[in-house]
Every structure is written in C-alpha cells, then in structure tokens.
Amino acid sequence: MELRHLRHFIVLARLKSFSKAAEELHLAQPSLSRSIQKMEERLGASLLARDEKQFALTEYGRLVLAQGELIVSQMEYLESEIKAKQGIEKAKLVIGASPIPSNSIIGPIVGRFIRDNPEISLELKVESWNRLYQQLLKGHLDMFIAETNATLLDQHDNLVTQCLPQSQAIFCCRPNHPLTRLSRIYLPSLRDYPLGMPSAMPQLLKQRFEDLFDEERHDFAGLVKYAQFQAIKSAIKECDMVVITPDISVREELLSGELIALDVVGIPSINASYSVVSMRNRRLSQTASQFIELLLGDSAVEAVGF
C-alpha cells in the first residue's frame, strides 16, 4: 500500500464524497476510485460499503481511517523535521489549549517563544479539552494544555501528562457585592445570586457542590455557563453574579482589586491540575520539546514565588 493511496482514502472518508475528494486532491474521479480499489486489493478487505448514491465506511474502513491518520501524521512530521533541519522549510508547531490556560498560561510563553524563535510557524487552537484530545489523537496537534485530573486525562495510557503548578478553584465577585457585607459566608449564601461556571465543568466536580449549579432547584437565581472566561470578567463587575474559576484566571484582577475572592466556609477544596498533554507513542519534535521546556521552566519559577 502506498502512502498516497492512504492520503486519498483519508480525504474521501472526511468529505464523504468521491467528487469533492477528487476535486480537493486534484484528481479525476476515476483515478480516485482506482486508488481506493488498489488499496482494498492490497489489504484484502473492503473499506467502503457502496450503493448507487452513497457509501459508508466498513469496520475495516473505520480501522484504516483511525490508524491511517496517525501514519500520515507521523510521515508529515518526519518530512517536516528533515526539511527544517535542511533549512528548506520553517519549523512548525501546533499547540492546543482549553480557554483558561490559553489566556493565563500559554499567552506569555508564546510571546517569549516567538521572540526567541522568529523563524517558527506557530498555530494556537483554543478548544474544549475533549475536542483537543480528539485532535491530538488524529495528529492535528503537537500537544495541548488542559485540566487533566477532573477530566481523567491523566489516567489515559496513551498520553503523557507533564504537570504544571496547581491552581485553586475560587468563587469571585465584584468588590461591593452584597455578600461582602456578611461577617461569614457559607455555601448556601451563594444560592441567592446568579452563578457562573465553566460550561465544560466535569460532572464529578458539580456534584461536590450538591445542587448549587442545578437549574431545576426550587430557589434557582440564574446560571451563566461560559466557555471563554474573558467576557465573563466584565460581566462580573456589572451585576451580582458569583463565578467559580481557577484563581490563575483572575490573578491580575484580584491583585488590582477589580475583583475579590470570597472566603466561603465549607467550600469543597478543588485544585485545577493543568498539564501539558502529548501522545505517548509519538515523538515530539525538537521545536515542541523546546516549547514545553520553556513552559515548565517558567511555571516552576512562578510556583516558588520568583
């Protein structure tokens, strides 16, 4: 089986159309059909279940697609590394991050990395942790940064996770919020106000707060689910919303006094464990390794208070 046949099959499986795949591959449709047939003959298995108008992947087709994407990704990585070493092609790096670390952790590091490596081609993708995981599996990312404890990513045998300093989950609000007038704040006190929470908060974490984030509770006072925290920061200052978030996401606002962290009695102690996530069976490029080294080194310095 030739690599070009595998590439043809992957494009066809993604677009689900011979005509569209042939157009993208700059092939005549009969040539694409022959390429797939040769691949099936070589493997001794039917990859497509065809009828007059459409096709679907067979069990073998799904297996070839899953493994084929990894094979093609590894070959492209190898070709890119060789060209980069020969000075023919710029080094490339594709990084993923969930929303909070994309702003609080990745941003400053990307700036310093680009400053020190001006010839690099870097792409940053901001997605939910589960979408980043799927992209990593397909070889579309070199690595990503996300919470790995609550999401159970640190229990995946096919992943390598390199831990960053933990961040404490806190409830925060505007400085003159009515709750700040109380001598002691208990968890039930939060039920009287609109709440904000990450839309991707794992169910196991939500359950630790009983029904606090339940939209069906009898004393429901409003709930805002956010994927990007940046916009929520401004909203907190304009209303009585109380938001749960890792403290790293509001570090500057807490220092400046724009927001305050509520000292809530009885709040479950929750640490956000952010890590660099990569594939165990896929060697990182020298460029990716350099970025991780910078990221871990910067986090270590910050953790000891320098």
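A nonpolar core is a set of buried Ala, Val, Leu, Ile, Met, Phe, Trp, Tyr and Cys residues joined through side-chain atoms within 4.5 Å. Buried here means under 20% relative accessible area, exposed means over 50%, and partly exposed lies in between (1.4 Å probe, protein chains only). Keep both ideas at hand as we walk through this structure. It is a predicted model, in which local features need pLDDT of at least 70 and side-chain atom pairs count only at pLDDT 80 or more, while totals for chains, interfaces and linings use all residues. Residues are numbered from 1 along each chain as its sequence is written, and side-chain values use heavy atoms, with hydrogens and water left out.

Let us begin with confidence. The predictor's confidence in each residue is called pLDDT and runs from 0 to 100. The chain averages 84, and 92% of the residues score at least 70. Confidence is highest in strand β12 (residues 260-261), at 94, and lowest in α10, at a mean of 74. Over residues 300-306 the pLDDT is below 50, and this stretch has three contacts in the model beyond near neighbours in sequence. A contact means heavy atoms within 4.5 Å. Where pLDDT is low, the predicted coordinates should not be read in detail.

Now find strand β3 (residues 92-97) and strand β4 (residues 121-126), which pair in the parallel sense over six bridges. Two strands count as paired if DSSP finds at least two bridges between them. Together with helix α5 (residues 99-116), β3 and β4 make a right-handed β-α-β unit. Right-handed means that, with the strands pointing away from the viewer, the path from the first strand over the helix to the second runs clockwise.

Which residues have the most contacts inside the largest nonpolar core? They are L93, M143, F229, I236, V243, F291 and L295, in a core of 32 residues. At least two residues of this core come from each of β3, α5, β5 (143-147), β7 (167-173), α8 (229-236), β15 (274-279) and α10. The most come from α5, which gives six. Leaving aside residues up to four places away in sequence, L295 touches I105, I106, I109, I145, L164 and V276. Apart from this core lies another, of 20 residues, including L190, M201, F213 and L262.

Helix α10 (residues 286-303) also holds T287. Is T287 buried or exposed? T287 is buried, because its relative accessible area is 10%. With residues up to four places away in sequence not counted, T287 touches A91, K92, L93, F113 and I120.

Next come the charged residues. Side chains of opposite charge can pair when their charged atoms come close. A salt bridge is a side-chain nitrogen of Lys or Arg within 4 Å of a carboxyl oxygen of Asp or Glu, and by this rule the count comes to ten. In one of them, the side chains of R191 and D219 meet at 2.9 Å, N to O. This pair links distant parts of the chain, 28 residues apart: R191 is in the loop between β8 (185-186) and β9 (195-198), and D219 is in the loop between α7 (203-207) and β10 (223-226). R191 counts as buried at 16% relative accessibility, whereas D219 is partly exposed at 24%. D219 also forms a salt bridge with R217 (2.8 Å, N to O), and R217 is buried, at 6%. R191, D211, R217 and D219 are linked in a network of salt bridges.

Elsewhere, E253 and K233 meet in a salt bridge of 3.3 Å, N to O. E253 lies in helix α9 (residues 251-256) and K233 in helix α8, so the pair ties together parts that are 20 residues apart in sequence. Both E253 and K233 are buried.

Finally, look at the backbone of two residues. K16 has a phi near 60°, a positive value in a residue other than glycine. K16 lies in the loop between α1 (3-15) and α2 (18-25) and is exposed, at 64% relative accessibility. E210 is not a glycine either, and has a positive phi of about 55°. E210 sits in the loop between α7 and β10 and is exposed, with a relative accessible area of 70%.

Notes. Helices (H or I, at least four residues) and strands (E, at least two) are DSSP runs, numbered from the N terminus.
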